[in-house]
Amino acid sequence: MYKLSKNVVLETFDDGALILILQDRRLIELNPSAAAIISLMDGQRTPEQAAIEISKNHDISHDYPFTQINQDVLELCERMKHIGVFELRSDLKERRAAIMTASDMDSFLQNPDVVLREEDPEEGALLFNPDNGVVKVINTTGMFIWQQCGDPRTLGEIISEVQKSFDDVPLEKVDQDVREFMDSMLASGFIGTVEKSVH
Amino acid sequence: MPNKEISTLPDESALGILCTWLGQIPIGQQPIPKCKIPSDWGGFSSADWEQLVSKAYNQGLAPLMYWVLSKSGSFISIPESERNLLRAIYSGTWIKNQNIFKELEALAKAFKQASIQLVVLKGACVALTVYPDIGLRPMADLDVLIPCSKMHQAINIAKSLGYLEHFKSEPEFSYLDHHVCLYKSCIPGIALELHEELIATNSYKFAVPMNWFWNQTEPMDSSFSKRRLENLLMLTPTAQVLYVATHAMLQHGGKDALLRWFYDLDRLIRSYKESLDWNLLLSQARIFNWGSALEAALNKTVACFETPIPEQVLSSLSGISDRNQQLVALKQIRPTTHLLMERQELLSMKSTARIRYLLALVVPSPAFMHRRYQMKSPWMIPLYYIIRWWDIIKDCLRSLISIFKKGSRDIRV
């Protein structure tokens, strides 16, 4: 769940909105659709719930399927988070941080409901999650990581496998890229964690 | 503002290209061979691609276009926006269909408990049996055939599962509906159509009794679906071909028939080439006076997808003359005015229904007028009758002008 960062000011108008990022005094202009989505992200709704409200309450063409709305809302949220307009609700942020730091303990596993369709060898594959309608295109490296998660694997094991297969890439870069990729896969529900059982 | 690029690809060429691509999808679960790329692929502009995707979408073929092109080895050469659009359409169709099959599973279970037979029709049936993936066949709704005597009970069961009755047509015209529509409000919403008749009610000239279809049912093999779809029946391949063909050419009319229905026919014929009983198909088409509709549908399917239909079947059909022949021909023409559209509808009906329909159009009930024109006061109803009649007269004049201008082909019917 996302909410507006304390570091920004949002001003809405009839035909859109303006966001001022206080830290670097950057001004962002939003169209009415983006403004409507942002106003719904109050830390109480998931992007999917916001997409449902948008599809219910706005006059949206039938050619614009719900999956597309959902995807657009999710992409906007991710972009807004990236530029510092949104922040994750603190308890979730802590949880996600916990996942990343405790990942040496936990294993990652593919969500069995997720559908994978392989495309051209150069293109990678299409992944979609029927539970939340999120669609993602992954490249060949992403596909390799996805395949690793066919069985429970720790983050360390995945990084090690990627490093072995792409040995011309520095370890730090592999580590960072795999963590970012796993982070986005977890956020969109493509991959889940399997807690290590304590005996 | 920059001018939007316009596609130079003629409509017919775009449809032809789509058909060629779809013809390369094998039957069964074999891998798709590399797509034969047209020599002018590289010459397609972004606008051409946009047109191809838009055509495929409008004809219900976009998921198939994704399927065949994503495995063509050249998917990357398609503009990214169109690639993403195709991906979204395919995944959206898959998710929607998965929800429909989940509902079908629940309905099958509930109907089994009530001892109600359930025949899965149209999109849901072919998506589960002759398409290689459930995301390839877009469906507007879930169509099932129910015994007439069990309809009331079936509606109540559907309601207990969260469906609400949804009236597509005005009460004045409900006698023309051959199915009951129900709707479940979820995301995405699901429309369920409970049929007690196929193609049309008794009010139409081309309506047929249902006994033959009930005798032509068999258990549905949905073994490749992960869902537990039990207690489901489907029409035999022969009955499916007859139904799908007539649905396209008589119920909807050739002009409104989507290419995906002809692709359904192609897949049915290719998938069941061993079990299709062509002799039974021809004789039943003659008995039902559906031979001309079958001929038109099969010819179009062959023209689009080079479907392997035995030559003697097509030659035997070409000699058929039945009472629906002129209607099939008329329905190929897209009416230019509302009146000409209503004329096609009237010519499809039996005399009594025709008179009833005509009266309901010209002198509808005050309740209809109130709903149709959403007037504030009932005192205004007489005024709106005059407005309605004036509109009809204007449409008559437009229709006459249109007929004279075109030297209309349909005036002879």
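**Note on a two-chain predicted model**

1. Strand 3 and strand 4 of chain B pair in the antiparallel sense, over two bridges. Strands here are DSSP runs of E of at least two residues, helices are runs of H or I of at least four residues, and both are numbered from the N terminus. Two strands count as paired if DSSP finds at least two bridges between them. Within this pair, B:L164 has B:Y183 of strand 4 as its bridge partner.

2. Some conventions apply throughout. This is a predicted model, in which local features need pLDDT of at least 70 and side-chain atom pairs count only at pLDDT 80 or more, while totals for chains, interfaces and linings use all residues. Residues are numbered from 1 along each chain as its sequence is written, and chains are lettered from A and ligands numbered from 1 in the order in which they are written.

3. The pair in point 1 belongs to an open sheet of seven strands in chain B, with the order 3-4-5-2-1-7-6 and mixed pairing. Strand 3 (164–165) and strand 6 (217–219) of chain B are at the edges; each has a single partner strand, so one side of each has no neighbour in the sheet. In general, strands of a sheet pair through backbone hydrogen bonds, either parallel or antiparallel.

4. Strand 4 (179–184) and strand 5 (190–195) of chain B are also antiparallel, and they pair over six bridges. In this pairing B:V180 has B:L194 of strand 5 as its bridge partner, and B:C181 stands opposite B:E193 of strand 5. Helix 6 (151–160) of chain B packs on the sheet and touches strand 3, strand 4 and strand 5 of chain B. The direction of helix 6 makes about 165° with that of strand 5 of chain B. Such angles run from 0 to 180 degrees between N-to-C directions, and axes are lines fitted to C-alpha atoms, for helices over the stretch in contact.

5. What are the overall figures for the two chains? Chain B has 17 helices and seven strands, and chain A has seven helices and 11 strands. Of the 413 residues of chain B, 40% are buried; of the 199 residues of chain A, 27% are buried. A residue is buried if 20 or more other C-beta atoms lie within 10 Å of its own, exposed if 12 or fewer do, and partly exposed in between, with C-beta atoms placed from the backbone.

6. Contacts between residues at least 6 apart in sequence can be sorted by separation. In chain B, 70% of them join residues at least 24 apart; in chain A, the figure is 52%. Two residues are in contact if their C-beta atoms, placed from the backbone, lie within 7 Å.

7. The contact between the chains takes 18 residues from chain A and 13 residues from chain B. On chain A, helix 3 (66–82), strand 7 (115–118), strand 8 (125–129) and strand 9 (134–138) each supply at least two residues to the side that touches chain B. Helix 3 of chain A gives the most, with four residues. By class, that side of chain A has nine nonpolar, four polar and five charged residues. Nonpolar means Ala, Val, Leu, Ile, Met, Phe, Trp, Tyr, Cys and Pro, charged means Asp, Glu, Lys and Arg, and the others, Gly among them, are polar.

8. Chain B is assigned domain 1 (11–78), domain 2 (93–235), domain 3 (237–332) and domain 4 (334–412); these bounds come from an automatic or database domain assignment. The C-alpha centres of domain 2 and domain 4 of chain B are 32 Å apart. Their contact takes seven residues from domain 2 of chain B and eight residues from domain 4 of chain B.

9. Helix 16 and helix 17 of chain B pack at an angle of about 75°, with axes 10 Å apart. They are therefore roughly perpendicular to each other, a label for angles of 65 to 115 degrees. The contact is made by B:P366, B:M369, B:H370 and B:Y373 of helix 16 and B:I381, B:Y384 and B:Y385 of helix 17 of chain B. Six of these residues are nonpolar, one is polar and none is charged.

10. B:Q374 lies in the loop between helix 16 (366–373) and helix 17 (381–406) of chain B. Phi of B:Q374 is near 45°, a positive value in a residue other than glycine. B:Q374 is exposed because 8 other C-beta atoms lie within 10 Å.

Terms used. Parallel < 35°, antiparallel > 145°, perpendicular 65-115°, else oblique.
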